[in-house]
Amino acid sequence: MPRKTNKKIEKNHLIICEGRDEQEFLISYLNSPALANIPAFSEDIQVIDFGGNSDLSAYLQLLRNAENFEKVKSLLIIRDAEGNAERAVCEVKRALQQNNFSVPYTPHLWEGQFPKIGYLFFPTCDIVAKEGTLEDMCLSILSGTSAPCLIKEIDLFLAQLKSNCQISITRPFKTKLHTYFSICNEYVSLKIGEAAKAGAFDWNSVCLEPLKNFLLEVLEV
């Protein structure tokens, strides 16, 4: 079942996303200095965790019947594309269709009215969904000046583990990011949302432009 939230709908623009890490990442981004010159990012958008990908359709049904939903002007779904971007697109479109929402033909396209509906996929949040996850996005926007060097060394380390120890890394994107956190004193043991608050990411990165620009299309600024 979808994860329930005690938060009622409080803002006119909603983002529902896959999991607590994505929720806290997005909240940190919307409240970051990079977007401070447009108050609507922090003041007019509410971010809600809908649970796992298999929970999306059930959550949309709950959301449609939620108090104040009639006041929502836009609804954006964000999740990981994971290992099959085409399947991820089909899953989101199916969930929307099952709940009688407008169904945009592609990601990064708003469709319908009251609410307008859109969907995006990490790691790119662009019109073409590419395989990957939030962790891949995070790796592309690390703020530390030593990050490229450290990531290169982590890649070599993981390759050595596979070659010398026959260890198969099943989720390299997660392993790589959390290894990076573990060797940076300020991020040791932190989850993505916590690392975001601690300054791990460059909120001015061009990798975030597709997300920013898509939101600007519906914000009243």
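**Buried, bridged and crossed: reading the terms**

Modeller: Glu135 is buried, with a relative accessible area of 4%. The model is predicted: local features need pLDDT of at least 70, side-chain atom pairs count only at pLDDT 80 or more, and totals for chains, interfaces and linings use all residues. Residues are numbered from 1 along each chain as its sequence is written, and side-chain values use heavy atoms, leaving out hydrogens and water.

Biologist: Why is Glu135 called buried?

Modeller: Buried means under 20% relative accessible area, exposed means over 50%, and partly exposed lies in between (1.4 Å probe, protein chains only). Glu135 has 4%, so it counts as buried.

Biologist: What makes Glu135 and Lys174 a salt bridge?

Modeller: A salt bridge needs a side-chain nitrogen of Lys or Arg within 4 Å of a carboxyl oxygen of Asp or Glu. For Lys174 and Glu135, the closest N and O atoms are 2.7 Å apart. Lys174 sits in helix H7 and Glu135 in helix H5 (residues 134-140), so the bridge ties together parts 39 residues apart in sequence. Helices are DSSP runs of H or I with at least four residues, strands are runs of E with at least two, and both are numbered from the N terminus.

Biologist: Is Lys174 buried or partly exposed?

Modeller: Lys174 has 29% relative accessibility, so it counts as partly exposed.

Biologist: How many salt bridges does the structure hold?

Modeller: Three. Another one joins Glu91 and Arg79, at 2.7 Å from N to O. Glu91 lies in helix H4 (residues 85-98) and Arg79 in strand S3 (residues 74-80), so this pair ties together parts twelve residues apart in sequence. Arg79 is at 3% relative accessibility and therefore buried. Glu91 is at 28%, so it is partly exposed.

Biologist: How do you know that Asp155 and Lys176 form a salt bridge?

Modeller: Their closest N and O atoms are 2.9 Å apart. The pair links distant parts of the chain, 21 residues apart: Asp155 in helix H6 and Lys176 in helix H7. Lys176 has a relative accessible area of 19%, so it is buried. Asp155 has 34%, so it is partly exposed.

Biologist: At what angle do the axes of H6 and H7 cross?

Modeller: The axes of H6 (residues 147-165) and H7 (residues 172-182) come within 10 Å and cross at roughly 125°. That makes H6 oblique to H7: under 35 degrees is roughly parallel, over 145 roughly antiparallel, 65 to 115 roughly perpendicular, and the rest oblique. The crossing is right-handed.

Biologist: Which residues make the contact?

Modeller: From H6 come Ala147, Leu150, Ile151, Ile154, Asp155 and Leu158; from H7 come Thr175, Lys176, Thr179 and Tyr180. Contact means heavy atoms within 4.5 Å. These residues divide into six nonpolar, two polar and two charged.

Biologist: What phi does Glu82 have?

Modeller: Glu82 has a positive phi of about 60°, although it is not a glycine. It is found in the loop between S3 and H4. At 37% relative accessibility, Glu82 is partly exposed. His108 also has a positive phi of about 60° without being a glycine. The place of His108 is the loop between H4 and S4. At 16%, His108 counts as buried.

Note on methods. Axes are lines fitted to C-alpha atoms, for helices over the stretch in contact, and angles run from 0 to 180 degrees between N-to-C directions. A crossing is left-handed if the near helix is turned anticlockwise from the far one by less than a right angle, and right-handed if clockwise. Ala, Val, Leu, Ile, Met, Phe, Trp, Tyr, Cys and Pro count as nonpolar, Asp, Glu, Lys and Arg as charged, and the others, Gly among them, as polar.
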